[in-house]
Amino acid sequence: MPFFWQYGAMTPLPTLGGVNGQASWINNRGEIVGTAETFNPDPTCPSPPKYQFKPAIWENGQIQELPTIGSDQNGYAFSINDSGQVVGASGDCTTLQGNGTHLQPRHALLWQTGTETNLGTLGGTGTGMGVLALGINNQGLAVGVSDLAGDQTFHGFIWSRETGMQDVGTLPGDVASGALGVNDAGEIIGISADKDFNLTAFVRQPGGVLTGLNSLI
């Protein structure tokens, strides 16, 4: 069950009728985002999940379901900025993924005042690592991960309304990456992986190249 912790007290957050839920981020206005289970069965879900789960936002203890896109039945909201813009993904129910959810993310989404925007892809269809937005700053810059064409590997992305989705690339010699967070200065943090999936943390300055954090030690 999702919960809100304030001043040493834990307050449970409502779901969308189901038992389970998860809170992932809170902004400075106290708005919380995550996912919440419904009582609508999803026969495509492998055990243990068996109900649809929807992206959700909680405000003043009240829950609002955020819309998914197309035929997607499930979704997750990962982050929210102080303007109330929310990012996440929608897609299919699947086994537990590396992102800590049971979501196979097909579409990276941004929600504003309850309306969803599809952020696009870097050429993939979402059948590999997937397509999902993980962070957003107060200027509305979103970051995340997208499969590349062929869905055999994936790269981190940065998205804005002006430029759309752009590839952040990898560290030299690596084959995959993910952008995990972005601050208000536009600095991006993430991970870059070689062909054996050895991971290196990176930072990317606005408009610049990736720098492995190990090189700064």
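Predicted model: local features only at pLDDT ≥ 70, side-chain atom pairs only at ≥ 80, totals over all residues.
Residues are numbered from 1 along each chain as its sequence is written, and side-chain values use heavy atoms, with hydrogens and water left out. Local features need pLDDT of at least 70 and side-chain atom pairs count only at pLDDT 80 or more, while totals for chains, interfaces and linings use all residues.

Strands (E, at least two residues) are DSSP runs, numbered from the N terminus. Two strands pair if DSSP finds at least two bridges between them. Strand β7 (residues 74-80) pairs with β8 in the antiparallel sense, over six bridges. Within this pairing, Gly 75 has Ser 90 of β8 as its bridge partner. The β7-β8 hairpin has five residues between its strands, and Gly 84 there takes a positive phi near 85 degrees. β8 also pairs with β9, again antiparallel, over eight bridges. Because seven of its eight residues are buried, β8 is largely enclosed by the rest of the structure. Buried means under 20% relative accessible area, exposed over 50%, and partly exposed in between (1.4 Å probe, protein chains only).

The loop between β8 (86-93) and β9 (103-112) contains Leu 96. Leu 96 counts as exposed because its relative accessibility is 56%. Leu 96 touches Thr 101 and His 102, not counting residues up to four places away in sequence; contact means heavy atoms within 4.5 Å.

An open sheet of four strands runs in the order β15-β16-β17-β18, with antiparallel pairing. Its edge strands, β15 (176-182) and β18 (210-212), each pair on one side only. The twist averages 30 degrees from one strand to the next, with axes taken as lines fitted to C-alpha atoms and angles running from 0 to 180 degrees between N-to-C directions. Strands β16 (residues 188-193) and β17 (residues 199-204) are joined by six bridges in the antiparallel sense. Ser 192 has Thr 200 in β17 as its bridge partner.

Three aromatic pairs are present in the structure. Rings of Phe, Tyr and Trp (its six-membered ring) pair if their centres lie within 6.5 Å; planes under 30 degrees apart count as stacked, over 60 as edge-to-face and the rest as tilted. Phe 39 and Tyr 51 are edge-to-face, at 5.7 Å centre to centre and 75 degrees between the planes. This pair links distant parts of the chain, with Phe 39 in strand β4 (residues 32-41) and Tyr 51 in strand β5 (residues 51-59), twelve residues apart. Tyr 76 and Phe 78 form a stacked pair, because their ring centres are 4.5 Å apart and their planes lie at 25 degrees. Both Tyr 76 and Phe 78 are buried.
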